[in-house]
Amino acid sequence: MAAERLTRQVGLVALGRGASTLSTMVVSTVLAWAWAHQQGQMGAYGAVWALGNTLIPLFLLGFPTTFLYFYPQLGRPGRQRLVLQAGLCLAASGLALGGLLWAAGPRLAFLLDYESGPGAGDLARYLGAFLPYAAFWVAGGLVEPALVAAGRSHWQAWTSLGVAAAQLGIGGLAAVLHWGVSEVLWAFSVLGGVRLAVGTALVWRAVGWGEGGWTGAGVGAFLRYSLPVALGDGVGSLARAVDRMVVLWFFTTETFAFYHLGAVEVPVSILLASATTVLIPQVSALYAQGRREQIAGLWSAAVARLALVVLPVFFFLFVLAGPLIGLIYPAQYGKSAWVMRVFLLALPLRCAIYNPLLVGMGKARWALWVGAGDLALNIGLSFALTRVLLTGWPAWAFLGPALATVLSTYIQVAVLVGLIAWNLRLGLRQLLPWRHLSRVGLVCAGAAVAGWAATRLPVPPLVGLGLATGVFGVVLLWGSRPADRAVFANLLRTQKNP
C-alpha cells in the first residue's frame, strides 16, 4: 500500500513536470520551424533560455528542498510561518535575479558573436524581456513543494498542466503572428506572473494562514540548512550549463542552435525530480529514527519503479534518435541527433536520485562537495575534449562538451553511490535492485533491436518510425512481467485521475 501511494504521488508530480517540460520542447520545435531560415534567432533564443534557467536554481537558494525537510517536523502554525518566511525570501531573491540580468545583459554580447555591429544590443534586449519570467519563477519557487508537502499533489499537477498549455499557446501565437525573439520572451514573462499569482493563492488555501504570523523564529536554522543545499543546487545547475557555455564560447550562434535542440532534457527524467519531492520528507523522518534499512528499501523500490520508465525510454530514443530528429526539426538541424544520442548515454543513471537522498539524511555538504568536483571536472574535460576534436576531427568538435558532461556524470554518480552505501552501512548489492535492473535492461535492449530492424524497411520515414514504435512496444510488453505492467497501469490511473 505504501509503495502504491508513493507511486501515485510520484506519478502526479511527474505528470505536471513532464507536461511542462514537454511543452517547452514543443515550443522549441515550433520556433525552429518558424525561424527555419533564421537559425541565428533560434540560437539567440536558446542562449537566453539556457542562461536564465541556469541562474534560476542558484536564486532559489535551496529553499524548495529545505522546505520539504522542515515541513513534516512542524505543527500547523509552524508550517504557516515557514511558508510566509520562505515565500518572502524567495520574492526578494527573484527581484535580485531580475536586477542581475538587467545589469549583465550588455556585458554578455560576446555569447551571441555580437561584440560589435548592429546586433550588439540584442542580447541585452532579449534578457530584458526574459528577466520578469526569471524573477517570477524564483518568487514562486515554493508553490510546488508546498502543495506536495500539504498533500495537494493533484493541485500541483493541474497547475503545471495549465502552465504547459499556456506555453503551447505561446508557441502557436509565435508561429501565426511571426513573433521574434523579444515577443516570445515577453509572452513567457506574462505567463510567469500568472503562474506566481495562481500558485500563491493555492498554497495559502492548502496550508492556511492566520495562526502562524511573521516571526524570526526558526529562520536561522532554515537558512543554515539551506546554504549547503543552495550551493549544491547552484553547482549542479552550473555543471548542467557548462556544455552550452563552452559551445557558445567556441562556436557560432548557428552551431548553438542545433546543439541546443539536441541537448534537450527527456521529459521522463522529470520523474527524478518528482521522486525527490516525494521522498525527501519520508527519508528525513526515517533517518531521524535511525531506520537506515527502511531508507534503503524505500530507495530501492523507487529505483525499481523509475527503471520501468527510464530504461525503455533510453533504448527507444537512442536507437530512433535519427528518424525522430529528421521528422521533428527542419533538415538543417540533422546534427542535433548526435547531440541527443551522446546525452542519452547518461539517461540510465536517472533511474535513481543521489544528492537529494543525502540531503534527506542531513548530509547536504557531502552532496555539495561531490557536485563541486563534478563541476570542476566537467569544465576541464569540456575545454580539453573540444580542443582535441577541433584539432583532429573539427567536424565533430561540437560533441566535445556533451561527451565531457556524460563522462563527468558517470564519475560523480559512482562517488555518490559509494557515499550513500557507506552512510547507510550497506553493501552495493543490498542497495540497488541489480537483478531487476538487468532484467529490464535486457528486455529493453531486445525491443530496441527489433525496433531498429523495422526502420530498415523500404517505407516512408513516418511509416517506418510508426512501425518501429509499434514493434518496440509489442516486444517490451511481451518481455515484461505482470508486476511490471501493473506499475504502468497504476501510473496511468494516476494520470487519468489526478
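Predicted model: local features only at pLDDT ≥ 70, side-chain atom pairs only at ≥ 80, totals over all residues.
Residues are numbered from 1 along each chain as its sequence is written, and side-chain values use heavy atoms, with hydrogens and water left out. Local features need pLDDT of at least 70 and side-chain atom pairs count only at pLDDT 80 or more, while totals for chains, interfaces and linings use all residues.

**Helix α12 and its partners**

Helices here are DSSP runs (H or I, at least four residues), numbered from the N terminus. Axes are lines fitted to C-alpha atoms over the stretch in contact, with angles from 0 to 180 degrees between N-to-C directions. Here are two pairs that involve α12 (residues 292-328).

| Pair | Axes come within | Crossing angle |
|---|---|---|
| α12 and α18 (residues 434-455) | 9 Å | roughly 25° |
| α12 and α16 (residues 400-424) | 9 Å | roughly 145° |

α12 and α18 are therefore roughly parallel to each other (angles under 35 degrees count as such). Contact means heavy atoms within 4.5 Å, and on the α12 side the residues meeting α18 include Val303, Leu311, Pro312 and Phe315. Across from them, α18 brings in residues including His436, Cys444, Trp452 and Thr455. That contact divides into 15 nonpolar, 3 polar and no charged residues (Ala, Val, Leu, Ile, Met, Phe, Trp, Tyr, Cys and Pro count as nonpolar, Asp, Glu, Lys and Arg as charged, the others, Gly among them, as polar).

With α16, it's Arg292, Ile295, Ala296 and Trp299 of α12 that meet Ile420, Asn423 and Leu424. This set splits into 5 nonpolar, 1 polar and 1 charged.

Back in α18, Thr455 counts as buried because its relative accessibility is 18% (buried means under 20% relative accessible area, with a 1.4 Å probe and protein chains only). Leaving aside neighbours within four places in sequence, Thr455 is in contact with Leu320, Gly464 and Ala468.

**Cores**

A nonpolar core is a set of buried Ala, Val, Leu, Ile, Met, Phe, Trp, Tyr and Cys residues joined through side-chain atoms within 4.5 Å. The largest has 132 residues, and Met42, Tyr45, Phe188, Trp299, Tyr354 and Leu431 touch the most other members. α12 gives the most to this core, with 17 residues. A second, separate core of 6 residues includes Val235, Val242, Val246 and Leu368.

Not counting residues up to four places away in sequence, Met42 touches Ser28, Leu31, Ala32, Trp35, Ala257, Leu261 and Tyr333. Ala257 and Leu261 are among the buried residues of α10, a helix (residues 253-262) with 9 of its 10 residues buried.

Technical notes
Buried < 20%, exposed > 50% of the residue type's maximum accessible area, 1.4 Å probe, protein only. Parallel < 35°, antiparallel > 145°, perpendicular 65-115°, else oblique.
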